[in-house]
Amino acid sequence: MTMIPFDATSLTATVGGMDITIETGKYARQASGAVTITSGKTTVLVTAVTQPLAIDRGFFPLTCNYQEMAYAAGRVPGNYFRREGRPSERETLICRLIDRPIRPLFEKGFADEVQIIATVLSADKHVNPDVLAVTGASAACHISKMPFLGPIVGARVGFINNEFVLNPSYTQADNESSLNLVFAATREAMVMVEGGGKFVSEDLVADALAWGHEQVAPLFDLQDQLREKVGVAKLKVETPKQDEELVSFLGDFITDDIQAAVTTPEKMVRYAAKDAAKAKAKEAVAEKFPEDEAKLKAVSGIVGDITKKLVRDRIVNEGLRIDGRDTTTVRPLSIETGVLSQTHGSVLFRRGETSALAVATLGSTRDEQRYDSLLGDATKRFMLHYNFPPYCVGEARMLRGTSRREVGHGALAERALTPVLPNQDDFPFTIRVVSEIMESNGSSSMASVCGATLSLMDAGVPISEPVAGIAMGLCKEDDKYFVLTDILGDEDALGDMDFKVAGTKDGITAIQMDIKIAGIPQEVLKKALHQAKDARLHILGHMGEELAAPREELSELAPQMAVVHIDPEKIRSVIGPGGKNIKAITAETEADIDIEDSGKISIFAPTMVSMEKAKEMVLYYDQKAEPGKNYLGTVRKVLEVGALVEILPGMEGMLHISQLDFERVERVEDVVQLGQEVWVKCISLEPGGRIRLSRKAWLMEEAGQEVNLEDFKRPAPRGGDRNGGRRDNRGGGGRRDNRGGGRR
């Protein structure tokens with residue numbers, strides 16, 4: 001049998017001290033474009049497929065998927081079905097990382113369906129596959145027939161020991177770096193930024209992006225070389241030609257109506273005016289060109305172009321925006337805390353016509369989110385969930401599952417607040433914040449950051465600093481750049497940039513940027529960052545007027561929490577056989593109890609009364625025997641030399657036969673029986689933890705006699721005057737029964 005070799009093409013470049021290899025021709029050869037991209041022992045397969053559609057959907061039908069296969073890390077999925085299921089939150093976020101920079105780079109007018117699938121085939125514990133997937137998606141599209149205007153490169157920049165680091169490892173990014181920025185760039189400029197930092201300055205972020213862009217230059221050359229070797233001819237796209245007759249007619253007929261609409265501050269009124277103008281335009285076109293359906297279909301696009309030009313011209317020529325603000329003014333703010341009576345913390349935050357109802361909830365450690373990852377099982381104690389219901393934009397549509405957009409906005413706000421949360425050792429609660437968008441007209445994600453901060457403070461969570469966020473926009477005309485503070489929804493749609501920045505007064509904690517043009521100069525980026533800082537400080541000032549610091553006490557509705565430390569050897573007693581003891585505690589007190597191997601026990605209870613009760617029940621199993629103290633114990637074992645008596649949970653002491661009574665005792669069973677309760681006094685604690693007990697001393701004390709513990713430290717021998725002349729080698733002074741006084 002003849003073996004046919006794989007006809008693969010492979011190219012390698014060194015970037016940031018690591019080799020990155022892109023290979024094609026080995027896998028998925030029926031896709032329009034397919035590559036594997038490898039760094040270290042991490043390999044991602046990225047495929048790109050295009051096919052024509054029978055009908056024009058009116059938008060570019062691009063779908064991006066990213067999937068982390070458990071086998072890539074030598075793991076079996078932990079779910080019930082033991083196979084990969086719906087995308088995790090991380091996978092969804094990486095889908096967005098691929099989609100956002102790739103989508104704008106397909107040639108205008110291209111309307112065929114495109115699907116990009118990135119699959120992690122092999123994963124080590126050092127190289128994060130997310131940025132490899134972005135570069136791989138570009139390479140797959142670049143070598144294919146799709147009219148893709150790339151290439152682009154994805155990379156991550158960290159800041160460790162005052163130095164920038166390209167593509168840091170998981171450990172470096174999570175534990176050592178004060179900056180974690182993911183970017184995608186063309187040769188000319190940045191097209192997407194996503195990430196966060198620990199109160200980093202605006203200049204540091206700008207410098208990091210400029211440095212990272214320089215470092216990834218070899219990967220642009222690598223993709224171009226790959227296309228030269230294996231690339232196929234690109235599809236020809238016919239750029240739609242405008243109907244100049246129709247453009248001229250509508251320009252004269254409808255401009256005044258649209259001008260009135262786009263200078264209307266209220267969103268819903270403005271939308272109604274725009275819809276009325278469009279309807280008027282369609283009616284006029286249908287009347288003037290009754291037999292030309294193509295002209296009627298083109299009306300919406302032309303009206304959109306006129307709207308965009310009018311909005312941008314006003315910014316450029318007058319410095320005024322849709323709602324009459326200048327380029328740097330933040331919309332009016334309104335804040336009300338404690339709006340919901342039965343929640344732990346709540347706030348209604350409104351900025352212009354965007355408002356978010358943020359609700360904070362505290363839970364026990366058992367409420368932590370548990371999930372599978374390529375690095376193993378993981379948990380998360382802080383969750384910020386963002387919901388965008390249809391009523392917030394005046395729409396009526398089906399409620400379906402959480403959208404990718406909702407996941408992305410929630411993750412951005414969550415990243416913004418994580419650096420200010422209290423340490424888990426000091427504040428072991430699980431924290432969940434839900435941001436319900438009540439109305440939206442631009443940057444509801446940044447309203448969620450502000451609202452979430454205040455809801456945590458309202459709940460009494462001791463965050464280190466308040467966090468606020470703002471969305472910046474951009475209008476580029478010729479060589480002039482106009483940076484817009486606190487953009488409206490229309491300014492996002494009609495502008496050239498959506499740049500969200502969140503942070504404290506001391507620095508940036510989260511950032512997200514999408515560019516709709518070829519790129520922006522470094523000085524414009526810095527201007528946008530500093531203008532965002534001014535707006536952030538303005539918002540923080542208003543937030544401080546409503547709630548200057550976290551409330552001194554947790555909400556009375558929040559779980560009550562106590563931490564106790566017990567002897568690690570007593571953990572078994574707290575849990576009990578088959579969990580009997582811990583189940584009894586939780587059933588009686590309704591408390592959640594988290595036990596660590598170190599002996600640290602965290603108790604979360606619904607009320608202070610139940611918390612104190614649970615604490616008392618836990619500490620009951622951690623009592624220590626005290627010499628001179630009396631105990632009502634239970635006989636657990638009867639020996640020839642005495643009895644083992646349990647005086648505390650899991651704690652037994654030796655009651656020697658000589659300490660049973662005043663009188664001579666021949667047989668232990670003559671005084672005590674198995675399971676009998678008996679009063680004893682602890683007479684000594686010996687090295688190794690052995691406990692000596694005496695019923696005789698207790699009887700003396702009950703009779704009013706003075707008891708000197710020194711007289712009872714050692715048991716009397718069975719020989720001599722008290723127990724006859726014979727010395728039993730199983731008794732006192734003879735062989736020590738290994739079931740006797742040394743057992744606890």
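Me: A contact means heavy atoms within 4.5 Å of each other. Among contacts in the protein chain between residues at least 6 apart in sequence, what percentage join residues at least 24 apart?

Reply: In this predicted model, 69% of the contacts between residues at least 6 apart in sequence join residues at least 24 apart. Before we go on, note that local features need pLDDT of at least 70 and side-chain atom pairs count only at pLDDT 80 or more, whereas totals for chains, interfaces and linings use all residues. Residues are numbered from 1 along each chain as its sequence is written, and side-chain values use heavy atoms, with hydrogens and water left out.

Me: How many helices and strands does the protein chain have, and how should I read its radius of gyration?

Reply: Helices (H or I, at least four residues) and strands (E, at least two) are DSSP runs, numbered from the N terminus, and here they come to 17 helices and 29 strands. The radius of gyration is taken over C-alpha atoms and is set against a globule rule of 2.2 Å times the number of residues to the power 0.38. For the 744 residues of this chain the rule gives 27 Å, but the radius of gyration is 36 Å, well over that value, so the chain is more spread out than a compact globule. Taken along the principal axes, the box filled by the C-alpha atoms is roughly 130 × 75 × 50 Å.

Me: What share of the residues count as buried?

Reply: Buried means under 20% relative accessible area, exposed over 50%, and partly exposed in between, with a 1.4 Å probe and protein chains only. By that reading, 50% of the 744 residues count as buried. D243, in the loop between α5 (217-230) and α6 (244-262), is partly exposed at 26%.

Me: Which backbone angles deserve a second look?

Reply: Most residues other than glycine have a negative phi, and most peptide bonds are trans. Here the peptide bond from G150 to P151 is cis, with omega near 10 degrees, and P151 is found in the loop between α2 (129-143) and β7 (153-160). N162, not a glycine, has a positive phi of about 65 degrees; N162 sits in the loop between β7 and β8 (163-166) and is exposed, with a relative accessible area of 67%. F199, also not a glycine, has a positive phi of about 60 degrees, but its place is in strand β10 (residues 190-200), and at 29% relative accessibility F199 counts as partly exposed.

Me: Which residues does K145 touch, not counting those up to four places away in sequence?

Reply: With those sequence neighbours left out, K145 touches S32, T50, V232, A233, K234 and L235. K145 lies in the loop between α2 and β7 and is partly exposed, with a relative accessible area of 33%.
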